[in-house]
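I opened the model to look up a few local features and wrote down what I found. The entries follow the order in which I looked.

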Amino acid sequence: MIIAGAIGINYGLNGDNLPAPPAVVGLYERCHIPSVRLFEPRPEVLQALRGKPLQVILGTRNEDIQSLATTLDAANSWVAANIVPYRSDVNFTYITVGNEAIPGAMSQYIAQAIANMYTALADAAITYIKVSTVVPGSSLSISYPPSAGAFTHEAAAVISSIAPILLNHGASLMLNVYPYFAYASDTNSMSLDYALLRPGAPLVGDQNLVYDNIFDAMVDAFYAALEKISEPGLTVVISESGWPTAGNEPITSPENARTYNRNLLNHVQEGRGTPRRPGQPLDVYFFAMFNEDLKQAGIEQHWGFFYPNMQPVYPFWQCS
């Protein structure tokens, strides 16, 4: 039986002209987007999610990781402030301790922060929320070919300490996977079709596996890296993926963004997994809901499915 992966969209707030949270939550509902990822707790957003069916991933701020690791009181306070008041009517699925904090100064604290967060949840009699962290592509020292995938020395040590905690709780490691950046940095040796997951792209062999898109190759490089640190059983969730609509033309365009996201959505819904993990459903959170004007000028301001006025940047979601 084919099991499709779940989908959601990242809801960032780095804009000075974004709609009010109740309007945003309404847009998720009207467009039949079942899940939302939040980068940090915002009471006005959590309030808007009350009584809604949306599944919610809630992040901690990177600057809070050290304190969450250092004292259980900090984790208890975080859960008491950001989870307990909403537990009865907000559908939390995950807490992510840090976003792309591996590698980095905070990475040494992540395993203990995750452990403390689980203890704090248990102390609040909350057993259904999982805790993880979000890892960037830069955590790999080798990403090509996929079978050679390996973590940096720092990332390998940190993820080795995190993996047993995640496995013990049935949680997945979260990965940010961006074929756009892989293609934009190497247009001479990669076809655009391969980057956009277009059917019929040239096939690329790796040992006994064959790849028809770079997304699968990038995810499988992470799986290979997990195997090299003796954690082949750890599953992954794609916490971010997308394609910008402007800022680096002609690679960036509404048409390329629509093509990439449509093909990725189809890939997730087909439930075929990747060549290294065939049939393993992948949950994917697209990046991002809105164009955000307080981000760095250039491509960073142009990842949204919607403008701040809630009009689509390009036709994609079937909104009622």
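I am working with a predicted model, in which local features need pLDDT of at least 70 and side-chain atom pairs count only at pLDDT 80 or more, while totals for chains, interfaces and linings use all residues. Residues are numbered from 1 along each chain as its sequence is written, and side-chain values use heavy atoms, with hydrogens and water left out.

I took helices (H or I, at least four residues) and strands (E, at least two) as DSSP runs numbered from the N terminus.

**Salt bridges**

I searched the whole structure and found 11 salt bridges. The criterion is a side-chain nitrogen of Lys or Arg within 4 Å of a carboxyl oxygen of Asp or Glu.

I looked up Glu240 and Arg37, whose side chains meet in a salt bridge at 2.9 Å, N to O. This pair links distant parts of the chain, with Glu240 in strand 11 (residues 236–241) and Arg37 in strand 2 (residues 35–38), 203 residues apart. I noted both Glu240 and Arg37 as buried. For accessibility I use buried for under 20% relative accessible area, exposed for over 50% and partly exposed for in between (1.4 Å probe, protein chains only).

Next I checked Lys52, which forms a salt bridge with Glu29, the closest N and O atoms being 3.5 Å apart. Lys52 sits in the loop between helix 2 (43–48) and strand 3 (55–59) and Glu29 in helix 1 (residues 21–30), so the pair links distant parts of the chain, 23 residues apart. Lys52 is partly exposed at a relative accessible area of 31%, and Glu29 is partly exposed, also with 31%.

I then found Glu44 in a salt bridge with Arg42, with 3.8 Å between the closest N and O atoms. Glu44 is partly exposed at 40% relative accessibility, and Arg42 is partly exposed at 26%. Glu40, Arg42 and Glu44 are linked in a network of salt bridges.

**Helix contacts**

How do helix 4 and helix 5 cross? The axes of helix 4 (residues 72–82) and helix 5 (residues 110–123) come within 8 Å and cross at roughly 55°. That makes helix 4 oblique to helix 5. Axes are lines fitted to C-alpha atoms, for helices over the stretch in contact, and angles run from 0 to 180 degrees between N-to-C directions. Angles under 35 degrees count as roughly parallel, over 145 as roughly antiparallel, 65 to 115 as roughly perpendicular and the rest as oblique.

The residues of helix 4 in the contact include Trp78 and Val79, and those of helix 5 include Met117 and Leu121. Contact means heavy atoms within 4.5 Å. By class, I have 7 nonpolar, 3 polar and 1 charged residues for the contact of helix 4 with helix 5. Nonpolar covers Ala, Val, Leu, Ile, Met, Phe, Trp, Tyr, Cys and Pro, charged covers Asp, Glu, Lys and Arg, and the others, Gly among them, are polar.

I repeated this for helix 5 and helix 6 (residues 153–168), whose axes come within 8 Å and cross at roughly 20°. They are therefore roughly parallel to each other. Ile110, Ala111, Ile114, Ala115 and Tyr118 of helix 5 make the contact with Ser161, Ile162 and Ile165 of helix 6. The classes here are 7 nonpolar, 1 polar and no charged residues.

**Two single residues**

Is Ser132 buried or exposed? Ser132, in strand 5 (residues 130–135), is buried, with a relative accessible area of 0%.

**Backbone**

Most residues other than glycine have a negative phi, and most peptide bonds are trans. I looked for exceptions.

The peptide bond from Ile102 to Pro103 is cis, with omega near 0°, and Pro103 is in the loop between strand 4 (91–99) and helix 5. Another cis peptide bond joins Glu249 and Pro250, with omega about 5°.

Ala125 has a positive phi, near 60°, and is exposed at 56%. Gln207 has a positive phi, near 55°, and is exposed at 67%.
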